[in-house]
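Here is a protein model to explore together. Take a moment to look it over before reading on.

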Amino acid sequence: MSTTQPSTSSNSPDPAAGAVATERGGLRPGRLGVTAIIFFVVAAVAPMAAIVGASPVVFSASGSSAPMVYLLAALLFVLFAAGYVAMSRHITNAGGFVAYIARGLGARVATAGAGLAILFYGTLQASLWALFSVFAHDTIASKLGIDIPRALIMFVVLVAVTGLTMLGIDLSLKVLGVLVALEIVVFVILDVAIIAGGGAAGNSLTAFDPSALAGPGLGVAFLFAFACFTGFEATVVFSEEAKNPRRTIPRAIYGSIAFIGLFYAVTTWALGNSVGNDTVQAAATEDPAGFVFAVAQQEVGTWLATTLEILVVTSFIAMLIGFQNMFARYLYALGRAGVLPHRLGTAAPTSGTPRTAAAVVGIVVGIVLIGFELAGADAYTVTYSWLLALGTTALIVILIMTSISIFAFFARTKLETNPWTTKISPVLAVIGFAYVAYLAVSNYDVLLGGQGGIAQWLLLLIPIFAIAGFLWATIRPSVNYEAELV
């Protein structure tokens, strides 16, 4: 199974591709269409959890202009996507951003990026599992009156999600389809109810006035809005399993950005209208945890608020299923390339599922979580906050490296000559992501919930993982991101 596709390749699927991949123990191509890949992206960004958890912070920092902040974040990803889509026509690889860096900047820099990718996916997943355990415990305790130990819930569901990932992507997709559809439908009901009633602001469009973005809280608001797009890489991580990748992946990339950006913008606009443009900032600051639930109860009723509380938990499960599948395919690609043990670069002969990699993901995340639990760390203020801040910052560095690699790839190969996609958009993306990196570092204490202290030293893991990856590829010249599994 080839891991790259030249620009001259046919758009028609190869009927024998699935059989060949299965015989070699590789991923099974041709199983995922545009909608399926968008489902994985949407599941990974967890719109329900993002709106409930992040939108109050964005409102608190930027007031009623929150919808514009989300659109601004989406615009940055559109800039990045222009060159990204152009390069995707020449690369089909489960290694995601790392495969792009390899083609643009070489194997050693790519392996530095691989170190950062492992850091990003590992820390982000562990942080989300910790936060999930808090929501799940509180919801079960308040709705059912059963006090199940938080850590027990976390590890039992971790085992279940790992098993689901090992069983195959088809089953994961069915579960995701139901969970994602439910959370979207519930927010559509809330949005329609607010818009139909007019809200306190009477459906005012003041929130979309660009001049409102000039407030002092824009940096922090933009940083949290940006973090709501962290599952974007799923569009290419699943490229080897896509139907007609040269058409499917570009559509999935733009489709996911459009859906996520508009969903966040419309929903936050509706929430702001419900509370009132002049009072939404104070309301979100006063009770960030209950902000969205209070709006749901006021606009629709207790039943919707209760449904939202339950679906926040299922939204986390959908997000974790999506990230577990993505991380497993990352480890698979790195095992195949010779960066990690060869065993990780194999897939089940019948289903094409990277079972070993999926199991390792569950074990690694479990070990990290056990370490924090044994240390007595608070699941929200320590495990979640510390690891989320570190993972988000690592992702920003990866995006900068990928943008540079897109520019370098087209400058060297001349495969495409459109200046917008090959030069201008990658440069603008580098500038945009560099600004986000500045915001992340300068507001790192905010990301940590105002804790600072020893947690800030965790940032040193970013250069440590990058340097370790670079040195590893230097002493292992056999690393090959275009390797085939024979």
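## How confident is the model?

The score called pLDDT is the predictor's confidence in each residue, from 0 to 100. You need it here, since this is a predicted model. Across the protein chain the average pLDDT is 82, and 86% of the residues score at least 70.

Now find helix α4 (residues 66-88) and helix α5 (residues 97-105). They pack at an angle of about 75°, and their axes are 12 Å apart. Angles of 65 to 115 degrees count as roughly perpendicular, so α4 is roughly perpendicular to α5.

Which residues make the contact? From α4 come Phe 80, Tyr 84, Met 87 and Ser 88, while α5 brings Phe 97, Tyr 100, Arg 103 and Gly 104. Sorted by class, the residues of this contact are five nonpolar, two polar and one charged.

## The largest pocket

Next, turn to the largest pocket, which has a volume of about 1100 Å³. Its lining is made up of 44 residues, and Gly 53, Ala 54, Leu 131, Tyr 380 and Tyr 384 are the ones nearest its centre.

Several helices give two or more residues to this lining, among them α2 (34-45), α6 (107-144) and α16 (379-413). The most comes from α3, with eight residues. By class, the lining has 32 nonpolar, ten polar and two charged residues.

How values were computed. Residues are numbered from 1 along each chain as its sequence is written. This is a predicted model: local features need pLDDT of at least 70, side-chain atom pairs count only at pLDDT 80 or more; totals for chains, interfaces and linings use all residues. Side-chain values use heavy atoms; hydrogens and water are left out. Axes are lines fitted to C-alpha atoms, for helices over the stretch in contact, and angles run from 0 to 180 degrees between N-to-C directions. Helices (H or I, at least four residues) and strands (E, at least two) are DSSP runs, numbered from the N terminus. Angles under 35 degrees count as roughly parallel, over 145 as roughly antiparallel, 65 to 115 as roughly perpendicular and the rest as oblique. Contact means heavy atoms within 4.5 Å. Ala, Val, Leu, Ile, Met, Phe, Trp, Tyr, Cys and Pro count as nonpolar, Asp, Glu, Lys and Arg as charged, and the others, Gly among them, as polar. On a 1 Å grid over the protein atoms alone, a cavity is a set of points where a 1.4 Å probe fits but cannot get out, and a pocket is an open set with protein on both sides within 12 Å along at least five of seven lines; lining residues have an atom within 4 Å of a point. Grid points are joined across faces, edges and corners, and a volume is the space filled by probe spheres set on the points.
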